[in-house]
Each structure stands twice: as structure tokens, then as C-alpha cells.
Amino acid sequence: MKKISRLLSLCWATIFLTGILTFQATAQQATLNGIITDFKTGETLEGANVRLINLDNPDQLLGAAADRDGIYSVNRIDPGSYRVIFSFLGYVTQEDTLTFAANESRSMSVELSVNDVDLGELTVVQRTSAARSEMGRQRISSVDVSRISSPVAGGDLVNYLQVMPGVVSLGNRGGQLFIRGGTPAENMVLVDGSLVYKPFHILSFFSPFPDNLVSSADFYPGGFNSEFSGRISSVLDVSMRNGDRFEFGGSGSVSPFLADVMFEGPIKEDQLSIIVSAKQSFIDETSSWYLSEQQPLKFQSQYIKLSNSNPESSCSGTFMRTKDEGKINTQKDETVEWSNFVIGMNCQALNDQNFFRFNSHISNLSNASIFEDRTYESAITQFRTDLSLSKYYGKVRADYGVLFRIEWMNYDLIGRVNGLADNEFDLLSTGGNVQFSIPLGDKITIEPGAVLSLYNNYPASIEPRVRLSYLPFGEGGGEINAAAGIYRQAVFGFTDSRDATGVFVTWNSIPGDSKQSEARHALLGWQQGIGNYFNYSIEVYYKDLYDIPVSTWSPIARFSTNLRLTNGTVYGTDARIEYNRGNFYGLLSYGYTNTTYTAAQDNFGVWFGEPVVEYNPSHDRRHQVNAVTSYELGKFTLGARWQFGSGAPFTRPLGFDEILWFDRRFPDVTFRTGDQRILIDKPFRGRLPNYHSLDVSIERVFNLSDNNKFSTKLGAINIYDRKNMFYYDVFTQERINQLPLTAYLSLRLDLN
């Protein structure tokens, strides 16, 4: 959409000029900044408050809140003495007295300790909420994750994501999330700054991100800022918890689905800590005991994080490994498997008013599709190093970054994808990004930014982006969020879209002459709190898609395929309402998405004479409803989740015929009728039945001693045993259903 591109260019240039004028207009008064962190773990505390009270004039108050990096900045401080107060809900307040001279810049970083005193009943304004976002960014905490019913003790981040209205999971196998019309390969998932190509497990209830490891996560379903590049659909930026720097602890749990253990503690007290976790599935063995058929699904993951922190700097090293294998379609003789390997380092420090971040990682994905007589393989490895700088100029925050990235890809697809038989491909890229957060008065904040990318195989790319927040009635009176931007992706992950169960991904360059896949996002939303307990939000979005690789289609079904490029559009609406008071939590969300691909006839081989073919891909789920409740009844916690999804598209068979292969042999037409062949309709013109399911659980926690506790959780998946269709094989006329009614008992022990 050319109008979006022109609008972005005009807005970015105008706002950039506004930022320069703002810098110049900043009065030369004193400033105070620093980082606010947790005393036990060294993790930053977003939303912590800083207040300055003038000792000579107590009515003069100044203040600020820590941003997503834990940084605060108070400016325009008149010379004099001030009482400085650092506070955060649930933490012990710290106070100090500082004296500022004219034009003085000072740094003061603090560590806050958790308040162990029983504070009684409090009215809490939520820092995180499923119905609140900050210019498209939704902040997710470990408490948010634990509220969503999961078939193990505790929660999992992937279950939380699946109740978001714009997120589609087509089944409980495969570990794939389609976000606002994008494919899984168009999503970026980061763990402590390191990329994970395919993070979610083959049984879609689980990921390497359980609630006892996740510190927080930033979820951008669209319109993300210039900090992120290389993907065109969404970003999930996960921050994993640091180990305790003072005390040892751990946990272990077991259920019919999996077992996991976690250990944490200091290596050098008050400085260096470690946290270790391992997970192993059981469903492959246990499903034959109580389900109608065995579920041939296996997965495991291991995670280690070393952390070294002090009030003004921190460094961490992360290792993650996952392995998944099994049969997505239990009736087909095909096994899929994939594994991730990630090792990364992340450092950040405050030095003389400048906040530096350094990140470097190596990430590898290997996956295979295994038949009786053939194995198809694909692998990708990325090395990336980036350095960024954040600085406050008065109230304006500026972020600058540079990066260097190499990606190695290889694959063996002989006989499967024409033109991608057996090859290797390397991509070298470098570039930078810039972004400003500019408050215009007390009600408007604008974030213009841009990404510059230079490649060895592609032309240079500039991606302008802008985000906006407007408080028309002041703080607490509702908020308008808007975002627009251009996003490009130089490598793509191809999955044969003709196969509804396809999870085998081949990473390669975009076919064609130096093309990149491109998406142009525009979104507009409103959110508001009602009293202290209700939040609601509604957001509309639109995306133009260009040069998206897809499989070619033909009326005659073939095993092999070609790759072609298609354009498309995505538009939709997300609506959420949330209630959170004391011992009751409720969330209701609705999502509408319309995804349409458009391609010329020559992209589809032999067809029916139409010059342009429009179709809805297999992940075009139009309507989706999620209802979640959690209720604390005495010593018990009751949880429930109901999901509804309208039918996903599939390609219908037109009929069968019989073919005589004259090119192979001269047939005897008197006695032999030929080989049976299926003829198929235009792609994805049919719709599978609607999906709906109810999961329930009841959990009891037993306090053993001090902070040690034992948890039991009893629950069931698909409690009214709905026969939800996962896949329909048009060749064999076989129907594959998703999981039936499945009961479970989970046990967990936490030691601190």
C-alpha cells in the first residue's frame, strides 16, 4: 500500500525534526538517572517509581518510572536538596537525600528487596494485563502465565499466547503459532536476546518457557519498533529469570505428559548465580494406558543461565537445547523431528548517563521429515552480534544500535521441492537502527524509528516505522495506540502448504531476483481501565504482504512441488476484556482475521483459465474466542479455559480417475484400467468443522515449611470430549482428530 509508505516517510521526517528541536530546547538543569533492580536476582524492575521532594519546598514534586530496561531519568531538577524515594509494589521502599548543583548530572542505581511483611488486602493497579498494551507491546509476567490452565503444575508461556485473540494454533500437535495472518517462520522468538527458530514443542501445550523460568516477556503481534529486524509478522522477546544470588532452591514436577526439574543458587554469593532446568516428555509411553490410541510424540529441553550482576551492570550467559520428534498424522508413515541449539551472551551497563547493551549468540535449527525410503533434511545456523546505546536527552529517550549477522543454510529436498534439491546458501548482513521516544506534553508520546540493512545478496533496505500513544483524558482515562511500519525478511522458512500437517521447515533465500518478503503494518487501538478491576481493549489492524513463498497447486495431486511468490492482505480485529479482583480472575477475548493470498495463474501450473487466483491459506481462521477463569476457593485454585475457533480452510477433492502411463509401458487396455488418481479443487475452498474445547483444573498447594511447598493438580483436557478434526487426508479419505478427553494428575515440589 503506497499510501502507508508515503505516510511513514512524512511522519518519520517530521517527528525526527521535532526530536532535534526538543533536544535543543531542554533546559540546562540537573538530572538524575539510574537502574532499579531486584536485590535477590539482579533483574530490572519495569514500572518502579522514583520521587523527588524538594526539602525547601515540599510542594515541589518530581518523579519518573523505570522503563522496560529498568532505567529511570528525572530531569529539570532545580538546584537544591531533595528527598529521593524509590518504591515498587511488593518491595521495601528506599530513601536517600541528595543535593544537586546547577547543570549537574548524577547517576544513582538501587536494588530493592521483596517486602516479606503481610501487607493485608491491597488495591492493586496491574503492571501487566492481557487487555493492556504499550503501543502494540504487551508485557507478560510470570504471574500472567500461571493464570492460564495448563496440563501440568504451573503454567507455560505458549498456553498464554494461545488465548490471545490474534494468535492461531491449528491443533494440539506441531507447535506452530500463526499470528495475525503470518506463518510461524515469520515470527521472531528471542530468549534473553538470542534467536530461537522453532521454540514450541511438538505437543502444543508446552515450550521451554514455563512460569517458574520466565521473568517477563514482551509480545508484539504487529507494529513492533526498529529494535527488531529480520521478521515480518511478530516478535516475542522473552526474558528468563536469573538464579537466586543468595540462596539455593529448586523444584520438580511429574505428570502423564512430562517430568521436569529446576535448580538455582549462588556460585559466588551476591555476584554470580546459576539456574538449570531440564524437561522430558512421557506422553509417548503413557497415552497408550488411558487414550484410545497412542500419541507418538516425544520432546525434551535443557536450559542453563549464568548471571553476574551489580546495581549498574549485569552479564548473563544462556544455553538452550530442545529436541522434538514424532508423527503429526498418526495414519501416515512419516516422522518429523527438529532440534534447537542456542548459546548466547547478554550484557548491559550504565556508564556516564549512557545505557549500553551487548548481545551475541549462535543459534541452530536442524529438522527432518523421514519416510520409509527417504529422508528430507534442512538446517540453518545464525551468528549475530549487536551493540546498542540508550540515552536520555531531557525527557526524550534515544536508542541507537548496530548489528552484524551471518546465516548458513543447507538442505536436501531431492524429489520434494523442485529447484531446492540439494544446496547450501549463506547470507551476510550488517546494519543499524535508530529510534526516539518523544513525549509531546503530558498526553502524547511518539516513537519514530528506522532500520538500515546491508546484504551480500540483496540491495540495501530501509524500513521506516512509527508508533504513537495518546491519552485524550489524561492518565487513567483511556489510551489510543497506533503504529505503522515497513518490515522485510531476507530468508524464509518454507513449509509445504499443501499438507495441513506439515511442520518440516526449509530455510532459504527468497526465490527470484534479489527479492525480500515484505509486510506493511498499520494498527489502531483503544484501551481503558474501568475502576480498579476491569480493563478492556480493542485493536484493528491491516497488513499488505509482498513476495511470500508458497507451494504451487495443480488439479492433479503431485508429491513434488515448485515455489512461487504471492502477495496478500491481512486485516482483522482483536478485542479483550479482563477482570482481576482478589481471588477471581477472568479474561474474554475475540479475534477476527481475514488472510487472502493473490497469485497469477502461472504460479499454479495447469489451472482453469483464471488470470489471477485468490485463496485463503490453511491458517485463515476467521473467528476465535477464548474464555479464561481462575478462582481461589480457600486452599484450592479452580481454573478453566474454553476455546472456540471457526473452521480452517482445506483443499477439497473433486473426484478420482484412472490413468494409463503410455510413457512407461504400452498397457493392455482390455484388461487393465490404469492407476487411480485424485483430482483436487482450487486451493483451500473448503472449511473444516468448527473447533471448540473446554479444559478444567483444580489445584491445591500444601505449605511444608518456610518457603517449601507441595502442589497437586487434577484436571482434564477437552472435558466434554468434542471430536475436533485436526486433519483430513483427501487421498485416503481419513479423518484425524485432535486429542480426546484426557484426564491428568500433576505433582510438584518447590524447595527454597
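**Confidence, strands, rings and a disulfide**

Reader: Over residues 21-27, where pLDDT stays under 50, how many contacts beyond four places in sequence does the model have?
Author: Residues 21-27 stay under 50 in pLDDT, the predictor's confidence in each residue on a scale from 0 to 100. This is a predicted model, in which local features need pLDDT of at least 70 and side-chain atom pairs count only at pLDDT 80 or more, while totals for chains, interfaces and linings use all residues. Residues are numbered from 1 along each chain as its sequence is written, and side-chain values use heavy atoms, with hydrogens and water left out. With a contact taken as heavy atoms within 4.5 Å, the number that the model has for this stretch beyond four places in sequence is 10.

Reader: Which other stretch has pLDDT under 50 with 8 such contacts, and what is the mean pLDDT of the chain?
Author: The stretch with 8 contacts beyond four places in sequence, where pLDDT again stays under 50, is residues 118-126. Over the chain, 85% of residues reach 70 or more, and the mean pLDDT is 84.

Reader: Which residue in the turn between E17 and E18 has a positive phi?
Author: E17 also pairs with E18 (residues 272-281), in the antiparallel sense and over 10 bridges, with Lys 268 and Leu 272 as bridge partners. The two strands form a hairpin with 3 residues between them, and the turn residue whose phi is positive, at about 70 degrees, is Asp 270.

Reader: How are the rings of Tyr 82 and Phe 100 arranged?
Author: The structure holds 25 aromatic pairs, where rings of Phe, Tyr and Trp (its six-membered ring) pair if their centres lie within 6.5 Å, and planes under 30 degrees apart count as stacked, over 60 as edge-to-face and the rest as tilted. Tyr 82 in strand E5 (residues 80-87) and Phe 100 in strand E6 (residues 94-100) are 18 residues apart, and both are buried, meaning under 20% relative accessible area, as against over 50% for exposed and partly exposed in between (1.4 Å probe, protein chains only). Their centres are 5.8 Å apart and their planes lie at 70 degrees, so the pair is edge-to-face.

Reader: Over which ring does the charged end of Arg 147 sit?
Author: A charge sits over a ring if NZ of Lys or CZ of Arg is within 6 Å of the ring centre and within 35 degrees of the ring normal. The charged end of Lys 391 sits over the ring of Tyr 393, 5.9 Å from its centre. For Arg 147, at 4.5 Å from the ring centre, the ring is that of Tyr 585.

Reader: Is the disulfide of Cys 315 and Cys 347 right-handed or left-handed?
Author: A disulfide is a pair of cysteine sulfur atoms within 2.5 Å, and those of Cys 315 and Cys 347 are 1.9 Å apart. The pair links strand E20 (residues 313-326) to strand E21 (residues 335-351) across 32 residues. Cys 315, at 33% relative accessibility, counts as partly exposed, whereas Cys 347, at 15%, counts as buried. The torsion about the S-S bond is about 115 degrees, so the disulfide is right-handed.

Note on methods. Pairing = 2+ DSSP bridges. Helix = DSSP H or I, 4+ residues; strand = E, 2+ residues; numbered from the N terminus.
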